[in-house]
Amino acid sequence: MNPQIFEKLKILAEAAKYDISCSSSGASRPNTEKGIGSAAGWGICHSFTEDGRCVSLLKIMLTNHCIYDCGYCVNRRSNDIPRTTFSVSELVELTIEFYRRNYIEGLFLSSGVVRNADYTMERMVRVAKDLRTIHRYNGYIHLKSIPGVSRELVAEAGLYADRLSCNIELPSEQSLRLIAPDKDYQSVFRPMHYIQQGFLESKEEKKKFRHASHFAPAGQSTQMIIGVSPDDDNRILHLAYAMYQRPAMKRVYYSGYIHINTYDSRLPALSAPPLVRENRLYQADWLMRFYHFKVDEIVNETHPNLELEMDPKLSWALRNPHCFPVDVNTADYEMILRIPGVGVKSAQLIIASRKFGRLTSENLRKMGVVMKRAKYFITCHELPAYTIHEVSPERLRQLLTLSAKKKKDDKQLIIHF
Amino acid sequence: MLYYLYDGTFEGFLTAVFDVYYRKEIPGRIVTAETALPLFTDIHNVITAKDKAERVFQGLQKKISQSAIHMLYICYLSEIQDIERILLRYIQKALTSPVSIEINFADDDVLTLSKIYKKVLNERTHLVQFVRFQKTADGMYFALTDPVYNVLPLCADFFQDRYADQQWLIYDSRRNFGLYYDLTETEIVRFEHPPVDLKTGSIVREQQDDDEKAFQDLWKEYLQSITIQSRKNLRLQRQFMPQRFWKYLIEK
Ligand code: SF4
């Protein structure tokens, strides 16, 4: 084997590592005619790096050469770093050999921009095309589309990829103009729009012909960098919420800014990435996607930032004492989900079991409800009434944040996929 | 105390349940023949019989859903001590109750089994996640595994579908059996002496494919390169990747 491969892998994995998304979920692709591999429909993490992140895909760049100069990026033109480029066949071989050994679920390919968007994207698409057509590879492929890429190339990429992504990176156009002046919102949103169109058209066609071609069956995702610009959580989450209203948008990722390009005075000199804030944003994202919260309930003009000391669900509960206590034996699912200390699983267990008889606090505890929290927000006709109203929201805030402080280390990022 | 001895198969266990009803007695324990028994116990030897197992199965089908029956089988694979007794209690309750008990999580046995079920399925997921194949000189892909529950049989379909165009063998070092796929079907195999180092799971160098070492090194290099040092969190890593799997991981 070519010894250069080691050097290239090192440089180009390093170059890709700040892209947070590693999800391989959402596509189900059965093995066809004894080709290689299948996509499982749910993501499988094959390893975890020392920073605790899931490794599901071979996340790599085609090249780290770039004509652009985005402030937050390691690969920006003005950085003096070793640069290299994979050939299409090198990447194909690496993907297949890793895949056959059960190291990975598939490939996540991104790239710096060489010459122009289409020139770059064309080579990325070649990798995906060779994998699918020459090697009959059915594993997962995620292609990150290059800003400003043409509709034709997006259309071709969608034929081979399971997921496409376009990163917004900065939550407002102003910030983008300041920090990444080579890009604008148009160059990001237009490809995003092409993907959505392709996705919807292929869905329509599938209804008519069973063998209509796939188009990025796992939809698209995007990422925002947190803490590099002054944008508040209100802005970030409203943008995310708007994104989720689009039919093909599956995931929005939040990536705590890491201060790499220390010489650039436009950027905030953070000593450590804002991991707690990032975690709170993911929790808020979960509330929107799985807990039926509207974005305005989580953040708004008067409450523009998530509280760092507590999760957004508890924060909402403390701001809305009039909604509690909730009677677990009668309340509907939506309301049970909103009780602090109750997760989706325990909410479902509660709804299923209470048909058989009244639930006691002991039942709840065994079903996984965190009673230390929940007890202030529920009644089940046996607990002495010591709810948020008796304790008062202010006092409860103190009580519950105090006990959480001890576990501060746990607040590191957990990536849900 | 009354002991029921059976052969350790699910069919054998269902036969034991049949005997409980037929003989109108409740054993203190239902155990496999290998279990060490105290002196002076009453013993009933269960003779596995397909038709008896089938009767119990049909009885259950009238009372609980197909997926609940499947859940019982998965829990059985946990091989947890005295799982047979919990399963028996569940089955007795299921058979006597006029309505299905399967979602009554206020019942201790229903809740306990639902937790065991999740644990076993998690172990299955772990196996799928952390199996690492090594390519042998004759082109076969080999992996050693050591799951706490007997979940390898549950993974056969997954691996057969995913790696349909390569020969592979996954060997459970704890239970001493493996699944071997020969490009057409998957079968169970047993070795006197598996041709590997049981401590590390690696096959001897002479039997490795020429490029095997290189790809292992590339994989290790890759994992090092994508780690973000400023986010280092070893506890989180251990939480997701239980240490008991590390011995057969190439990267560890
Ligand atoms: S275009 Fe991409 S690779 Fe190039 S500098 Fe900007 S973020 Fe970095």
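Chain A is divided into domain 1 (3-26 + 39-227 + 244-258) and domain 2 (312-416), with bounds that come from an automatic or database domain assignment. The C-alpha centres of domain 1 and domain 2 of chain A lie 39 Å apart. This is a predicted model, in which local features need pLDDT of at least 70 and side-chain atom pairs count only at pLDDT 80 or more, while totals for chains, interfaces and linings use all residues. Residues are numbered from 1 along each chain as its sequence is written, chains are lettered from A and ligands numbered from 1 in the order in which they are written, and side-chain values use heavy atoms, with hydrogens and water left out.

**Overall form of chain A**

The secondary structure of chain A comes to 16 helices and twelve strands, where helices (H or I, at least four residues) and strands (E, at least two) are DSSP runs numbered from the N terminus. Chain A has a radius of gyration of 24 Å, close to the 22 Å that the globule rule gives for 417 residues, so it is as compact as a globular protein of that length; the radius is taken over C-alpha atoms, and the rule is 2.2 Å times the number of residues to the power 0.38. Along the principal axes, the C-alpha atoms of chain A fill a box of roughly 70 × 55 × 40 Å. Of the 417 residues in chain A, 60% are buried, a word that means under 20% relative accessible area, with exposed over 50% and partly exposed in between (1.4 Å probe, protein chains only).

**Two buried loop residues**

A:M310 lies in the loop between α9 (295-298) and α10 (312-319) of chain A and counts as buried at 3% relative accessibility. Leaving aside neighbours within four places in sequence, A:M310 is in contact (heavy atoms within 4.5 Å) with A:R280, A:S315, A:L318, A:R397 and A:T401.

**Cysteines**

Over all chains the count comes to one disulfide, that is, a pair of cysteine sulfur atoms within 2.5 Å. The disulfide joins A:C45 to A:C54, with 2.3 Å from S to S, and both of these cysteines are buried.

**Salt bridges**

Over all chains there are 36 salt bridges, each a side-chain nitrogen of Lys or Arg within 4 Å of a carboxyl oxygen of Asp or Glu. The table gives some examples.

| Residue pair | N to O |
|---|---|
| A:D69 and A:R77 | 4.0 Å |
| A:R76 and A:D264 | 2.8 Å |
| A:R365 and A:E362 | 2.7 Å |

A:R76 and A:D264, which are both buried, belong to a network of salt bridges that links A:D69, A:R76, A:R77, A:D264 and A:R266. A:R365 and A:E362 both lie in helix α13 (residues 361-366) of chain A, three residues apart, about one turn of the helix; A:R365 is partly exposed, with a relative accessible area of 46%, and A:E362 is partly exposed with 36%.
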